[in-house]
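Here is a short report on the structure shown below.

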Amino acid sequence: MEQQTAQPEMTVIGGVDEIVEEFQPKIEAMICTYCTYAAADLAGSQRLQYPPTVKIVKYPCTGRISVAHILKAFELGADAVLVGGCEVGTCHFIEGNLRATERVAYAKKLLEETGLGGDRLEMFYISASDSHGFVNAVNEMTDRAKKMGPNFLGQARG
Amino acid sequence: MIVATRKPFTEIKDLVSGHRKILIVGCGTCVSVCLAGGEIEVSILASQLRIALGLEGDDVQIDEAIVERQCNREFLVLLGKKKNMTDYDVIVSMACGAGVQLLGDVYDQKPVVPALNTVFIGIEEGPGIWAERCQSCGNCVLGETGDICPITMCPKGLLNGPCSGSRHGRCEVNPEIECAWVKIYDRLAARGDLERISKVLPPRKNSRRAHPAVATHEAYKRRFVKDEKIV
Ligand code: SF4
Ligand code: SF4
């Protein structure tokens, strides 16, 4: 998929002097090459619209995603993280997506403990043909991050 | 191996609160295998602390390190060559209680705090689950008990069993578990070695468990025992 550059949307509020940057959450999508990555690719081919502030990290299988990777993303300023794996029963490595499900649940608890909030992280099951599933996942996480507000650790890092 | 579990996050956070430079040291042996204090767990705890303390506006520096075995002085000395230990305000050890204490002995100018609770000596039963198998009693009887430890597996720690509370192979203390002595009986029977069970094991010598215990290797005794001369 073409890398999309993150451009903050500018909204003019009040007069010309008052240009406020609308909060565009930075979403990290940790996705499996066999399913969600293909779906994201298809979404691009179909010209489906979704927030350009999503950064894709391609994994050979969601079973490779460590809780440490997820927390690192938040530490470095991600506003939300989505993990996209194959539908249950269709993992190329049989149960990598089930392992990811367990790890995501654990990572949500760890995030909750830090005060950042476990809802900033979610697991999605998106098949290779489900381009709309990918777009919905990105929109869902963007909405959640907008509700929860920015991850200030990201702001500190600019 | 020694099995440990991570302390609740709030407890660890309280232990390090007020400190600015924090070093988290994992251990590459037992606690790595039981997913409590290895490289990944060090990374996870470091991230969690950076996020939590960062959100509170604390300007902290959290570094990560891992040593092969925290219960070996040599590895801790090596750690001191890689990290400037006096630079840190607090050191968080992710080893078992033994590792924490040795780290504290070697770098005694700085507070060393534990991030784990050490729970038992055990085995891996499956991914993510461990079970106690030995209480390091100092006088192993497994040779007489079909390799099943009655001190650990029997809630009463009976050396001669079963007791009269054993019911249909279950334990009277906890019917959820199998009676250790029935298991011992069955295993010895299967091996054709049943006469062993009629052997009465002598009472445990609890004096052996004087704490803190010390174990010395025969070949090295002269180094540690007074008046033991080699030449
Ligand atoms: S410090 Fe503890 S956990 Fe690490 S190797 Fe030694 S006994 Fe095992
Ligand atoms: S008898 Fe049990 S507690 Fe004692 S050393 Fe053997 S296994 Fe460990």
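## A salt bridge within chain A

Glu122(A) forms a salt bridge with Arg144(A). Their closest N and O atoms are 2.9 Å apart. The pair links distant parts of the chain, 22 residues apart. Glu122(A) sits in strand E6 (residues 121–125) of chain A, and Arg144(A) in helix H4 (residues 131–148) of chain A. A salt bridge here means a side-chain nitrogen of Lys or Arg within 4 Å of a carboxyl oxygen of Asp or Glu. Helices (H or I, at least four residues) and strands (E, at least two) are DSSP runs, numbered from the N terminus. Over all chains, the salt-bridge count comes to 21.

## Basis of the model

This is a predicted model: local features need pLDDT of at least 70, side-chain atom pairs count only at pLDDT 80 or more, and totals for chains, interfaces and linings use all residues. Residues are numbered from 1 along each chain as its sequence is written, chains are lettered from A and ligands numbered from 1 in the order in which they are written, and side-chain values use heavy atoms, with hydrogens and water left out.

## Where chain B meets chain A

The contact (heavy atoms within 4.5 Å) takes 13 residues from chain B and 15 residues from chain A. The buried area is about 1200 Å². That is the accessible area (1.4 Å probe) that two parts lose on being put together, summed over both. Carbon and sulfur atoms give 70% of it. In chain B, Ile44(B), Ile51(B) and Leu55(B) lose the most area to chain A, together 45% of what that side buries.

Two salt bridges cross this interface. Glu75(A) forms a salt bridge with Arg50(B), with the closest N and O atoms 3.0 Å apart. On the side of chain B that touches chain A, helix H3 (residues 39–55) of chain B gives the most, with 10 residues. By class, that side has six nonpolar, four polar and three charged residues. Ala, Val, Leu, Ile, Met, Phe, Trp, Tyr, Cys and Pro count as nonpolar, Asp, Glu, Lys and Arg as charged, and the others, Gly among them, as polar.

A residue belongs to a shell if one of its heavy atoms lies within 4 Å of the ligand. The residues around ligand 1 include Cys27(B), Cys30(B), Cys71(B) and Cys96(B). Arg69(B) is also among them. This shell divides into seven nonpolar, three polar and one charged.

Around ligand 2, the residues include Cys134(B), Cys137(B), Cys140(B) and Cys149(B). Arg133(B) is also one of them. The shell around ligand 2 has seven nonpolar, two polar and one charged residues.

Chain B has eight helices and seven strands. Its radius of gyration (over C-alpha atoms) is 23 Å, well over the 17 Å that the globule rule gives for 231 residues, so chain B is more spread out than a compact globule. That rule is 2.2 Å times the number of residues to the power 0.38. The C-alpha trace of chain B spans about 65 × 55 × 25 Å along its principal axes.

A cis peptide bond joins Gly161(B) and Pro162(B), with omega about 0 degrees. Pro162(B) is found in the loop between helix H6 (150–153) and helix H7 (180–190) of chain B. In chain A, phi of Ile94(A) is near 75 degrees, a positive value in a residue other than glycine.
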